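Please keep the sequence and the model in view while reading.

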Amino acid sequence: MDVDTNQPLGTPTWIELEVPDLDAALTFYGAVFGWDFRTAPEEQGRYTNCLLRGRPVAGIAPTEETGPAAWTVSLATPDVDATVERVRAAGGTVLDEPADALQQGRWAVVRDPVGARFGLWQGRDHVGCQVVNEPGSLVRNDLVTPSPEPARRFYAAVFEFTLDRNEDMPGFDFTFLRRPDGHEVGGIMGAPGAAASAWNTTFEAAGTDEVVERAVAAGGTSPGAEDSLYGRIATVTDPFGAEFSVITRPAG
């Protein structure tokens, strides 16, 4: 599915990763997803767009920070500055104040009241992921947290999400996040055993087991794939400690 316009408020619209070794990251993700890469000459720090069919699907940048890497999801907004104020009012924290990214757009980075970090993106020339919901691209994002109730209140207040419990999974505390138009954009998984709250990024896969094999061969780790209600899924950890999921959904 191609995306050529800015997404409605609260929709996951861009994902990016900061790593200490950019070249090694490009080698890994190129092997896993078959991505090509483009670094614009004017972009400082060698920020690199990951491409599928020649269209941006993610960004990877070098960092000098130590510790495990992590994928960061940015949620769409038509007005970053206004959304940042709603984040503050709902009990969140602003980590990076709103700023322009050349002509690409305007961004900010915030943390919700349960400790999960995410970005906000107001697209201009760059609308975000231009391919989604197909192998090698973003298919969904879910917040995993040991404190789901304050998280549900926060995201409903900031993004006007409606909250629907997943009745298909009665053994789990999982809530669908839906935009005011009814479109599902993600979920909140209550996980009492989670060490911290974090947004999880899931990529579509043509074959989950094959993706896991490629990831392990390229230096990543995985406990392996398993069948779930929504498809065959696996968790993968890249060579820098960043976790992500891959899923092959049932046809039809």
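Are F33 and F244 buried or exposed? F33 is buried, and F244 is buried as well, where buried stands for under 20% relative accessible area, exposed for over 50% and partly exposed for what lies in between, with a 1.4 Å probe and protein chains only. The model is a predicted one, in which local features need pLDDT of at least 70 and side-chain atom pairs count only at pLDDT 80 or more, while totals for chains, interfaces and linings use all residues. Residues are numbered from 1 along each chain as its sequence is written, and side-chain values use heavy atoms, with hydrogens and water left out.

**Aromatic rings**

- The structure holds 20 aromatic pairs, a pair being two rings of Phe, Tyr or Trp (its six-membered ring) with centres within 6.5 Å, counted as stacked if the planes are under 30 degrees apart, as edge-to-face if over 60 and as tilted for the rest.
- One of these pairs joins F28 and Y29, whose rings are edge-to-face, with 4.8 Å from centre to centre and 85° between the planes.
- F28 is buried at a relative accessible area of 1%, and Y29 is buried too, with 0% relative accessibility.
- The pair of F33 and F244 is tilted, because the ring centres are 5.9 Å apart and the planes stand at 55°.
- This pair links distant parts of the chain, 211 residues apart, since F33 belongs to helix α1 (residues 22–33) and F244 to strand β16 (residues 243–248); helices (H or I, at least four residues) and strands (E, at least two) are DSSP runs, numbered from the N terminus.
- A single aromatic cluster is formed by F28, Y29, F33, W35, W71, F203 and F244.
- R178 lies over the face of F176, 4.9 Å from the ring centre, where a charge sits over a ring if NZ of Lys or CZ of Arg is within 6 Å of the ring centre and within 35 degrees of the ring normal.

**Strand β7 and its partners**

- Strand β7 (residues 105–111) is largely enclosed by the rest of the structure, because five of its seven residues are buried.
- Strand β6 (residues 93–101) pairs with β7 in the antiparallel sense over six bridges, pairing being assigned if DSSP finds at least two bridges between two strands.

**The cavity**

- A search of the whole structure finds one cavity of 30 Å³ or more, a cavity being a set of points, on a 1 Å grid over the protein atoms alone, where a 1.4 Å probe fits but cannot get out.
- The largest cavity holds about 40 Å³ of space, a volume being the space filled by probe spheres set on the grid points, which are joined across faces, edges and corners.
- Its lining, meaning residues with an atom within 4 Å of a point, consists of G10, P12, L75, N141, F161, L177, V185, G186, G187 and W199.
- Strand β12 (residues 184–190) gives the largest share of the lining of the largest cavity, three residues.

**Residues with a positive phi**

- Most residues other than glycine have a negative phi.
- R53 has a positive phi near 55° although it is a residue other than glycine; R53 is placed in the loop between β3 (48–52) and β4 (55–62), and is partly exposed at 48% relative accessibility.
- L102 is not a glycine either, and has a positive phi of about 50°; L102 is found in the loop between β6 and β7 and is exposed, with a relative accessible area of 57%.

**Two buried strand residues**

- T48, in strand β3, is buried at 0% relative accessible area; T48 and F240 are 192 residues apart in sequence and 17 Å apart in space, C-alpha to C-alpha.

How values were computed
On a 1 Å grid over the protein atoms alone, a cavity is a set of points where a 1.4 Å probe fits but cannot get out, and a pocket is an open set with protein on both sides within 12 Å along at least five of seven lines; lining residues have an atom within 4 Å of a point.
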